[in-house]
Amino acid sequence: MSPWESLAVFAAGVGAGTINTIVGSGTLITFPVLLATGLPPVTANVSNTLGLVPGSISGAIGYRKELVGQGRRILRLSAVCLLGGLAGAVLLLTLPSDSFDTIVPVLIGLALLLVVFQPRLARALRARQEATGAPGPHPDGGPALLTGMFFASAYGGYFGAAQGVLYLGLMGLLMHEDLQRTNAVKNVLAGLVNGIAAVFFLFVAEFDWTAVLLIALGSTLGGQLGARVGRRLPPAVLRTVIVVVGLLAIVQLLIR
């Protein structure tokens, strides 16, 4: 890797770490850059997953205030997300690389709709529960959220682009929680999924250590930058950022 290519990979890592902490989809920055350096697609994907783990940890640390009081929720969701992430990592090495090309843009589109309409849907759901006397939403989302997070994590272990958008869409609809606190949980869960996939890849897949280290350094810095920016965004602005990033992800996946 030439010095200019190394600089480009490091810069992509900073950008990915920043956008991953705010919303997700950082892979759409780093993955094309790694391909441009000449790495094969699977090697680039594996190297990217390994390199983004420190960025996820950095972003979660940056959101540590919003994580207070959510320990039990995180433990409950983590178990499902770890299983899903491991399943996705296995799928990456066994399925054709274009297996998810059709369904992924649809999933991201549905997640964006959930993010956009979540406040209205939540109000309608609460009004219905008050009118019928039905119990309120499960504080951790219940079985529906666990199922959705398993499949979203499987996708995350497989590729991961816009994984954060899927998480935010699911949790926003099925949990009654502030968006910033939901985003903090998203950062922890995304880090766990990347981490379990990375451990699996260390033993069974080929990767490029130079690319891994450059992305790790860049994404760690980006994680702190993303936390500084993301925590200051009002909910309406944060939703707008999520939608814009999600739409860009759909466009890039469709033309890739």
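**Reading the helices and their contacts**

Guide: We begin at the end of a helix: H1 is followed by Gly 24, whose phi is positive, near 135°. This is a predicted model, in which local features need pLDDT of at least 70 and side-chain atom pairs count only at pLDDT 80 or more, while totals for chains, interfaces and linings use all residues. Residues are numbered from 1 along each chain as its sequence is written, and side-chain values use heavy atoms, with hydrogens and water left out.

Visitor: How many helices and strands does the protein chain have?

Guide: Helices (H or I, at least four residues) and strands (E, at least two) are DSSP runs, numbered from the N terminus. Here the protein chain has ten helices and zero strands. Along the sequence, the pattern reads α-α-α-α-α-α-α-α-α-α.

Visitor: What share of the residues in the protein chain is buried?

Guide: A residue is buried under 20% relative accessible area, exposed over 50% and partly exposed in between, using a 1.4 Å probe and protein chains only. In the protein chain, 52% of the 256 residues are buried. Ser 6, found in helix H1 (residues 3–22), has a relative accessible area of 18% and therefore counts as buried.

Visitor: Which residues does Ser 6 touch?

Guide: Contact means heavy atoms within 4.5 Å. Not counting residues up to four places away in sequence, Ser 6 touches Met 1 and Leu 214. For the protein chain, among contacts between residues at least 6 apart in sequence, 83% join residues at least 24 apart.

Visitor: Where does H3 bend?

Guide: The bend at a residue is the angle between axes fitted to the seven residues ending there and the seven starting there. H3 bends by about 30° at Leu 52, and Pro 54 follows within four residues. H3 is also mostly covered, with 17 of its 22 residues buried.

Visitor: Which elements do the buried residues of H9 pack against?

Guide: The buried residues of H9 pack against H1, helix H2 (27–36), H3 and helix H8 (179–204). Among these buried residues is Ala 216, whose relative accessible area is 14%. Ala 216 is in contact with Gly 51 and Pro 54, leaving aside its neighbours within four places in sequence. Ala 216 and Val 53 are 163 residues apart in sequence, yet their C-alpha atoms are 7.1 Å apart in space.

Visitor: What is in contact with Phe 201, leaving aside its neighbours within four places in sequence?

Guide: Phe 201 lies in helix H8 and is buried at 0% relative accessibility. Its contacts, with those neighbours left aside, are Val 46, Thr 49, Ala 89, Leu 92, Leu 93, Gly 157 and Phe 207.

Visitor: At what angle do helix H6 and helix H7 pack?

Guide: Two packed helices are described by the angle between their axes and the distance between the axes. Helix H6 (residues 142–158) and helix H7 (residues 163–174) pack at about 175°, with axes 9 Å apart. H6 and H7 are therefore roughly antiparallel. The contact includes Ala 144, Gly 148 and Ala 152 of H6, and Leu 166, Leu 170 and Leu 174 of H7. Its residues divide into ten nonpolar, four polar and no charged.

Visitor: How are those terms defined?

Guide: Axes are lines fitted to C-alpha atoms, for helices over the stretch in contact, and angles run from 0 to 180 degrees between N-to-C directions. Angles under 35 degrees count as roughly parallel, over 145 as roughly antiparallel, 65 to 115 as roughly perpendicular and the rest as oblique. Ala, Val, Leu, Ile, Met, Phe, Trp, Tyr, Cys and Pro count as nonpolar, Asp, Glu, Lys and Arg as charged, and the others, Gly among them, as polar.

Visitor: Is Ala 162 buried or exposed?

Guide: Ala 162 lies in the loop between H6 and H7 and is buried, at 0% relative accessibility. Gly 26, in the loop between H1 and H2, is likewise buried, with a relative accessible area of 0%. Gly 26 touches Ala 16, Ile 19 and Asn 20, not counting residues up to four places away in sequence.
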